Amino acid sequence: MSILYRSDAPRAAAWARYFAEHAPDLDFRVWPDAGNLDEVEYLIAWQAPAEFIAKLPRLKVFFSSGAGVDHVDFSALPKHVPIVRMVEPGIIDGMVEYVTLSVLALHRDFFDYVEAKARRTWDPLEVPPASSRTIGVMGMGSLGSAVLQRLSSYGFNLRGWNRSLREMDGVESFAGPDQLQSFLEGCDVLICLLPLTPATKGILNRELFSLLPAGAALVNVGRGPHLVDEDLLEALDSGRLSRAILDVTEPEPLPAEHPFWVHPRVFLTPHVASMTQPESAAPILLGNLRRHQRGEPLSNVIDRSRGY
Ligand code: NAP
């Protein structure tokens, strides 16, 4: 029984150690030492290039090594091979930290104080209570719901928007395109935690920004193509939006000449909001693999037709 890891090289050793200790019966291989590819039944990888998948005739399951599967070429994977996304506490904790940090930095005007310091200006701003702000999260999945849960401890008003209606204590829930406008109308900070699909590509656009309260801020931790860059720049320059915190861009890395690098009200990080942590992800992936071996249903299999 062979499993091949073909992903982030620096973290491969931690994956291999875990499998050696907890699943010695499995032949865990790390790319490029893949041995005979005919024997590989399970693949842990970020991308699935068609020419590589074609060399794995016995592949049974594709495990995405990261959250999201928009990078995966579904057509390269035979229909009988389930595509499993990564859901693990390390990714969730990282995302909760990043979004909480972003919301609190915006709420407490930290970016204004960075600018004030550069001007050597002692300029105290009002300190409004958290209860005077409304935070909206697009996508109430494993990440969005954990973010909402954590933000609730600060006393913000919370809203969530999802494809299907998802009730959460202390969160005003909205669903589907029909309720998007009502959702947006109250959001002082909008957080995008949607998967990238044909339905969500370009969703952060001029029309959406026009429905937010004037001066709202955007945090995009979904994917770069959710955002229409020119529309964001226009919204920031017209004052419709106050700031944007972007962890994801299109393309990545962002080219040196892109206006986001120098825009004073865009804060950029290089797609680091959260990462798969081998220590917490390996036990979950192994548990899922064992279920498959026992003939039980796998968890976190994506729906190819929905794209997530
Ligand atoms: P998830 O559990 O699959 O949740 C996705 C949520 O989005 C679901 O609740 C889904 O609604 C909702 N949704 C999907 N399409 C929608 C639409 N058209 N309109 C409204 N709601 C829609 O995914 P997740 O684990 O929370 O991850 C979300 C995304 O975060 C990933 O796909 C990835 O792009 C991004 N991410 C970024 C980083 C980073 O470092 N920046 C790290 C990890 C993940 P239903 O409940 O109705 O299905």
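This is a short tour of one predicted model, stop by stop.

Local features are taken where pLDDT is at least 70, side-chain atom pairs count only at pLDDT 80 or more, and totals for chains, interfaces and linings use all residues. Residues are numbered from 1 along each chain as its sequence is written, and side-chain values use heavy atoms, with hydrogens and water left out. Helices (H or I, at least four residues) and strands (E, at least two) are DSSP runs, numbered from the N terminus.

**Stop 1: the sheet**

Select strands E1 to E5. The five form an open, parallel sheet in the order E2-E1-E3-E4-E5. Strands E2 (27-30) and E5 (83-84) stand at the edges; each has a single partner strand, so one side of each lacks a neighbour in the sheet. Two strands count as paired if DSSP finds at least two bridges between them.

Now zoom in on E1 (residues 2-6). E1 runs parallel to E2, and 4 bridges join the two.

H1 lies across E1, E2 and E3 (40-45), at about 170° to E2. Contact here means heavy atoms within 4.5 Å. Axes are lines fitted to C-alpha atoms, for helices over the stretch in contact, and angles run from 0 to 180 degrees between N-to-C directions.

**Stop 2: serine 65**

Move to the loop between strand E4 (61-64) and E5, where serine 65 lies. Serine 65 is buried, at 9% relative accessible area. Buried means under 20%, exposed over 50%, and partly exposed in between (1.4 Å probe, protein chains only). Leaving aside residues up to four places away in sequence, serine 65 touches Ser7, Ile44, Ala45, Trp46, Met86 and Thr276.

**Stop 3: two positive phi values**

Most residues other than glycine have a negative phi, and most peptide bonds are trans. Start with aspartate 109, whose phi is near 60°. Aspartate 109 sits in the loop between helix H3 (89-107) and helix H4 (110-118). Next, select arginine 120, with a positive phi of about 55°. Arginine 120 is in the loop between H4 and strand E6 (134-138).

Which of the two is buried, and which is exposed? Aspartate 109 is buried at 15% relative accessibility, whereas arginine 120 is exposed at 82%.

**Stop 4: two cysteines**

Select cysteine 187 and cysteine 192. Both are buried, cysteine 187 at 0% and cysteine 192 at 0%. A disulfide needs two cysteine sulfur atoms within 2.5 Å, and the count comes to 0.

**Stop 5**

Show Leu106, Arg133, Gly215, Ala217 and Ser242. Of the 18 residues lining the second largest pocket, these are the closest to its centre. H3, H4, strand E10 (216-220) and E11 each supply at least two lining residues. The pocket holds about 270 Å³.

On a 1 Å grid over the protein atoms alone, a pocket is an open set of points where a 1.4 Å probe fits, with protein on both sides within 12 Å along at least five of seven lines; lining residues have an atom within 4 Å of a point. Grid points are joined across faces, edges and corners, and the volume is the space filled by probe spheres set on them.

**Stop 6: two cis peptide bonds**

Finish in the loop between E11 (241-246) and E12 (266-268), which holds proline 251. A cis bond joins glutamate 250 to proline 251, with omega about 0°. Proline 253 is also in the loop between E11 and E12. Its cis bond is to glutamate 252, with omega about -5°.
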